[in-house]
Amino acid sequence: MSGVERKRNVLNVKQKLEILQKLDNGESASTDAEDVLNEGNTISNSAALQSVEILVDYMGQRGFDYGDITAVRKICVDIRQETNKQQKQGRIADFLKQ
């Protein structure tokens, strides 16, 4: 298997510090680390959530219709539910590994 290169995903210093700060605040950071490492392929749930929340703020400032804002907020709920589901699956998998 010589000549085969494997791409190694490594957190940079800023990403490591952000994760450590979350841990210090009692937040879970395991999925954040996975999200950062998978960033090249997909957008992380936390990045998507942040983008949607910014969009909601923008829509509120620009006077968008309440129904439109509600629809965008529903996306936030969906992202949070998906994040919670992934965290729960991770905890179950960790438990089963023990």
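Predicted model: local features only at pLDDT ≥ 70, side-chain atom pairs only at ≥ 80, totals over all residues.
1. Overall make-up. The protein has 4 helices and 0 strands. Read from the N terminus, the order of elements is α-α-α-α.

2. Helix pair α3 and α4. Helix α3 covers residues 45–61 and helix α4 covers residues 66–97. Their axes come within 10 Å of each other and cross at roughly 165 degrees. An angle over 145 degrees counts as roughly antiparallel, and α3 and α4 are therefore roughly antiparallel to each other. The handedness of their crossing is left-handed.

3. Residues at the α3 and α4 contact. On the α3 side, the residues that meet α4 are Asn45, Ala48, Leu49, Val52, Glu53, Leu55, Val56, Met59 and Gly60. On the α4 side, their partners are Asp68, Ile69, Val72, Arg73, Ile75, Cys76, Ile79, Arg80, Glu82, Thr83 and Gln86. Sorted by class, this contact holds 11 nonpolar, 4 polar and 5 charged residues.

4. Leu55. This residue sits in helix α3 and is among those that meet α4. Leu55 and Ile69 are 14 residues apart along the chain, and their C-alpha atoms are separated by 8.9 Å. Ile69 is one of the α4 residues in the contact with α3.

5. Lys74. Lys74 belongs to helix α4. Its relative accessible area is 47%, so Lys74 is partly exposed.

6. Burial and surface. Of the 98 residues in the protein, 22% are buried. The accessible surface comes to about 8,200 Å², and carbon and sulfur atoms account for 52% of that surface.

7. Contacts along the chain. Taking contacts between residues at least 6 apart in sequence, 42% join residues at least 24 apart.

Notes. Residues numbered from 1 in each chain as written. Heavy atoms only, no water. Axes fitted to C-alpha atoms, helices over the stretch in contact; angles between N-to-C directions. Helix = DSSP H or I, 4+ residues; strand = E, 2+ residues; numbered from the N terminus. Parallel < 35°, antiparallel > 145°, perpendicular 65-115°, else oblique. Left-handed = near helix turned anticlockwise from the far one by under 90°. Contact = heavy atoms within 4.5 Å. Nonpolar A, V, L, I, M, F, W, Y, C, P; charged D, E, K, R; others polar. Buried < 20%, exposed > 50% of the residue type's maximum accessible area, 1.4 Å probe, protein only. Areas by Shrake-Rupley, 256 points an atom, 1.4 Å probe, with all protein chains shown as cover.
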